[in-house]
Amino acid sequence: NAEGDISQTDGGGNITVRGSTVSAIDTYSAQAQKLRAEIRAMETALVESKKEKLRMEKLKVEQWMERLLVNQTYGEGDCSTQILNSVEQVAEVLKAKRYSPEQVDKIFRALTRGVPRERIEQSLVNTPLLALLVEACGELDQLER
C-alpha cells in the first residue's frame, strides 16, 4: 500500500515516498493504475466464473436428461445408439426421483434450444426426446388429477 510508505508531505503537493519526493498527482496516478489493473483482473475472473457456472449447469441438465429419458446406450461418441425409456418409465422416474418443475423446464429448454417458439409444436414430431418428455409430463399430470 503506497499510503503506508508515505513518510511526510510538504505544503506544495509533494510527498516523500520511500525516501524519494514525488508529486501527489504521480502517486495517485500510480495508485489508480494499480486499481484499474485489479478491476480488470476481477472482471476477467468474474467472466470466467460465469462461464464455468453455465458449463456446470449445462452438464447437470444433460445428466438429468440422460437419467430421465435414456434407458441404455450402446457404443460411444457419434456412433452410439440410445434406447429410450417408455412414456410410462419417464413418468415413473419423474415421480420417483421427484423432478421439480424447474428441472423439467430446464430439460425442456435444453431440448428446444435453438428452435423458434412457433416451431416447438412441430419439433414434438421430429424430436423423440422432446415428445417423450412432453407425453410423460402429460401422463403424470393426468395421474395427479
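How many nonpolar, polar and charged residues are there in the lining of the largest pocket?

What we have here is a predicted model, so local features need pLDDT of at least 70 and side-chain atom pairs count only at pLDDT 80 or more, while totals for chains, interfaces and linings use all residues. Residues are numbered from 1 along each chain as its sequence is written, and side-chain values use heavy atoms, with hydrogens and water left out.

Okay, the overall layout. The protein chain has five helices and five strands; those are DSSP runs, H or I of at least four residues for helices and E of at least two for strands, numbered from the N terminus. Along the sequence the pattern goes β-β-β-α-β-β-α-α-α-α. Of the 145 residues, 22% are buried, meaning under 20% relative accessible area with a 1.4 Å probe, protein chains only; exposed is over 50%, and partly exposed is in between.

Now look at helix α2, residues 87-96, and helix α5, residues 128-144. They pack at an angle of about 65°, with axes 8 Å apart. The axes are lines fitted to C-alpha atoms over the stretch in contact, and angles run from 0 to 180 degrees between N-to-C directions. On the α2 side the contact (heavy atoms within 4.5 Å) uses V87, E88, V90, A91, L94 and K95, and on the α5 side L132, E135, A136, C137, E139 and L140.

Back to the pocket. A pocket is an open set of points on a 1 Å grid over the protein atoms alone, with protein on both sides within 12 Å along at least five of seven lines, for a 1.4 Å probe; lining residues have an atom within 4 Å of a point. The lining is L94, K95, R98, Y99, V104, C137, L140, D141 and E144. α5 gives the largest share, four residues. And the opening question: five nonpolar, no polar and four charged. Here Ala, Val, Leu, Ile, Met, Phe, Trp, Tyr, Cys and Pro are nonpolar, Asp, Glu, Lys and Arg charged, and the others, Gly among them, polar.

Last stop, R98, in the loop between α2 and α3 (101-111). Its phi is near 55°, a positive value in a residue other than glycine. Buried or exposed, then, for R98? R98 counts as exposed because its relative accessibility is 71%.
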